[in-house]
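Colleague: Could you take me through this model and back up the labels you use?
Modeller: Gladly. Ask about any label as we go.

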Amino acid sequence: MTSNTPDVQSRNSATLEQLIGHYIRFGTVKPHNRLSRHDWYYITAQAVRDMLFERMMATQAHFERIGAKKLYYLSLEYLIGRSLENNLFNLGIIDHCRELLARIGIDLQSLFDEEVDAGLGNGGLGRLAACMLDSLATLGMPGYAYGINYEFGLFRQQINDGYQVEQPDSWRMEASPWLKPRPEDTCKIPVYGRIEPLTTGDAKQRRLWTDYRLIVGLPSDLPIAGFGGRTVNYVRLFEARASNEFDIQIFNGGDYLKAVEQKMVSETISKVLYPSDAAQSGRELRLIQEYFFVACAVQDITRSFFARGEDVDDFPAKVAIQLNDTHPALAIVELMRKFIDHYDLSWEKAWQITRQAIAYTNHTLMPEALERWPVALMERVLPRHLEIIYEIDRRFLAEAITPYSETAQQSSEIAIVTQGDEKQLRMAHLAIIGSHSVNGVSKLHTELLKTRVVPEFSALWPQHFNNKTNGVTQRRWLAMANPGLAGLLDDTIGKGWRINLELARELERFADDPEFQHRFTAVKRSNKQRLATIIHRVAGVDLDPASIVDVQAKRIHEYKRQLLMVLGIAHEYLTLVEDGIEPVAPRTYLLAGKAAPGYWAAKMIIKLINNIAAVVNSDPRTQGLIKVVFVPDYRVSLAERIIPAADVSEQISTAGTEASGTGNMKFAMNGALTIGTLDGANIEIRDEVGSENMFIFGLSAPQIGELRPVYNPRLYYERDPALRRVLDALGGDRFCPAEPGLFRWIPETVLNHDEYFVAADFASYVETQRLISGEYLKPADWTRKTILNVARIGRFSSDRTVAEYASEIWGLAGVGDQPAHH
């Protein structure tokens, strides 16, 4: 299913050569000697794309022929990264392509750098989705996905005078070679309007949605190749266009400007990932964006299902729909609307089928991320959907209230519709009520979901709740991102780990082998040197490969506690310059990540990092001892260079706040040692790799629960002179001489509103960092720990995650053993 035989690889290579020759002649309309490096990227990408499209059609035909049940994955984000290298790698022709291009004087690696990252996602949620898709195809499963074809990604992050500045991420400035438009499958989506009762000839009461505005969803398919290239699935991405029918009416009325304005408003829907929802218009756009994408998906799913001549009763046997977080929750309502209003099903039957088909993954413990929509907004934008939500809520409460509770207060806790002056719709409640399965993404997260976030639902339907710990694809994050380490694994234990990461356990017997340790360390050193070149170019800082490379790279958020790491850096600096005590081992602190444009505190933490970097790096006393660097515009292609070079992985969120994390898995997979709290999947990583092979610190989630009611951060400030010195320095102007008082808010926040227990965990963090430095000075012990991290990370492959979803939630089998294409 997943490996290429030599004769298949030979045919693939011959096909690639023919296609590249074709696109050199016909693809660019330029003389051969005038082709730029970007032209060569485009030529190569088009050739690879054609090979993928051929396999994509073969894969679809195979699944149709055997009547396979299909998974449809709904996510507002896909952090795909770059596609050329990944596709060449998964097709098994990357080495041949490198040799072929080298013969004509082209360096394939330089072509990879011509590709911009696809701007289809933001952070962990979108990258998880991409890893899941890789595993679905590798396991030969019919797993398709739906999303939005954003014109602009989140944003391109620039740093000006230490501040984050957002620039447009216009990743589709030129047509992507990977996207195949599918205008024949265009969807028409109604919004706004009003509802009228309608009595039909059979005396049934129906609801007619009228006076709506149509938005057109134009789909494009992005192929997703599994390892070995046998199975190629796709993500179908929709772009919003204005409806021709609507525009012509206005044109005929003579109002040209209004028609153009209407077109622009419609097409704003797929313009940008996550428009800011601070303003009312932003919230409305966000709601329409979420609805647009699920409505297109549901229309496409039902259309293809009935086009195959299937019986509606078989819908759950042929279709599994997974909601990736709460954003696609309206899919439940839209599927109900389709079944009732379009296919004339009774409410009871429509509800039974909908629930059996849909499952929901919760990805957050943050209350603000559990979406709510004002009833008034829903009524204006989606009047028919509001009616259906009210009916779902009414029937649910009627059924649930007897076994659950007698009181009005307790019924209001589980209702979808909140009570009060401004009624709101709790979308997480809708997602739970409308699904047959609800899962968290780490053991701790699932437990907290059941006990802290939605305990009433867990008591009502304990059998619906289950855990599916996240995973990451080792193809991209080890084999492709870290070719040196991948080659060492191949030489030592064979190549089977690429499709079964548990086989990496065979490395355990080499953990103390001096020769293997030497080769392992040489790979890490080479990766650090590779990163040093990039850091010098993008940040102007010289990274010493002999230093401990200590990394926190992730979205900037207070709960992820970049601030705690920065306080630790400030402490080490002050210990050096005021106490004259040098660090035990030289260190390079590397931070990267984007802050949401409207998140002031997160953006100020980026400013703080940059200011501390400026002070530390320019002080002659720190030379050869401490370096601090903030790497701008963190994205998948940058992560692929940073992660393999890291010695220390910072996973330091407040216990009980991070659902899982996946960066923790990628760093450990590449031989970095984790400094972390007992949060998210850190706990399960500890259980696998051994607590002696990572550095756990800080309060646990139960300890924080006990401390929270009586927590007084000032006590820690008064008792701990190190914490007091660091906070006082931030309260003064040491790190902001040009902008006095700039960081005064930080000690004020930590001492008065320390929501994320920074003061409580500071001493433990500093002490653990001291232990890390001491351990690094014992190279054989350190390297043994790093090898065991790689050896024991097998459980955190997304192949295992997908296999669990497939067998326990989706009822999906690996059916991808179609004959290799000739």
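What follows is a set of questions about labels, with answers.

Modeller: Keep in mind that this is a predicted model.

Colleague: Why is Lys70 called buried?
Modeller: Its relative accessible area is 6%. Buried means under 20%. Therefore Lys70 counts as buried.

Colleague: Where is Lys70 placed?
Modeller: Lys70 is in strand 1, residues 70-74. Leaving out residues up to four places away in sequence, Lys70 touches Glu64, Pro142, Tyr144, Arg308, Lys318, Val319, Ala320 and Leu812.

Colleague: What makes the pairing of the Lys70 and Glu64 side chains a polar contact?
Modeller: The distance is 2.9 Å. The cut-off is an N or O pair within 3.5 Å, with one atom able to donate a hydrogen and the other to accept it. So the Lys70–Glu64 pair qualifies.

Colleague: Why is His32 called partly exposed?
Modeller: The relative accessible area of His32 is 46%. Buried needs under 20% and exposed needs over 50%. The value for His32 falls in between, so the label is partly exposed.

Colleague: Where does His32 lie, and what does it touch?
Modeller: His32 lies in the loop between helix 1 (6-26) and helix 2 (37-65). Beyond four places in sequence, His32 touches Ile24 and Trp40.

Colleague: How do you know that helix 33 falls short of a straight helix?
Modeller: Helix 33 covers residues 798-810, 13 residues in total. At 1.5 Å a residue, a straight helix would reach 18 Å. The end C-alpha atoms of helix 33 are only 16 Å apart. So helix 33 is short of the straight span.

Colleague: What sits at the ends of helix 33?
Modeller: Ser797 caps the N-terminal end. A side-chain oxygen of Ser797 lies 3.0 Å from the backbone nitrogen of Asp799. Just after helix 33, Gly811 has a positive phi of about 65 degrees.

Colleague: Which residues of helix 33 are buried?
Modeller: They include Val802, Tyr805, Ala806, Ile809 and Trp810.

Colleague: Which residues touch the most other members of the largest nonpolar core?
Modeller: Leu74, Tyr78, Leu330 and Trp810 do, in a core of 151 residues. Helix 9 (residues 280-307) gives the largest share of this core, 13 residues. Another core, of 72 residues, lies apart from it; Leu365, Leu576, Ile626 and Val750 are among its members.

Colleague: What does Tyr78 contact?
Modeller: Setting aside neighbours within four places in sequence, its contacts include Tyr73, Leu120, Ala129, Leu133, Val235 and Leu237.

How values were computed:
Residues numbered from 1 in each chain as written. Predicted model: local features only at pLDDT ≥ 70, side-chain atom pairs only at ≥ 80, totals over all residues. Heavy atoms only, no water. Core = buried A, V, L, I, M, F, W, Y, C linked by side-chain atoms within 4.5 Å. Buried < 20%, exposed > 50% of the residue type's maximum accessible area, 1.4 Å probe, protein only. Helix = DSSP H or I, 4+ residues; strand = E, 2+ residues; numbered from the N terminus. Contact = heavy atoms within 4.5 Å.
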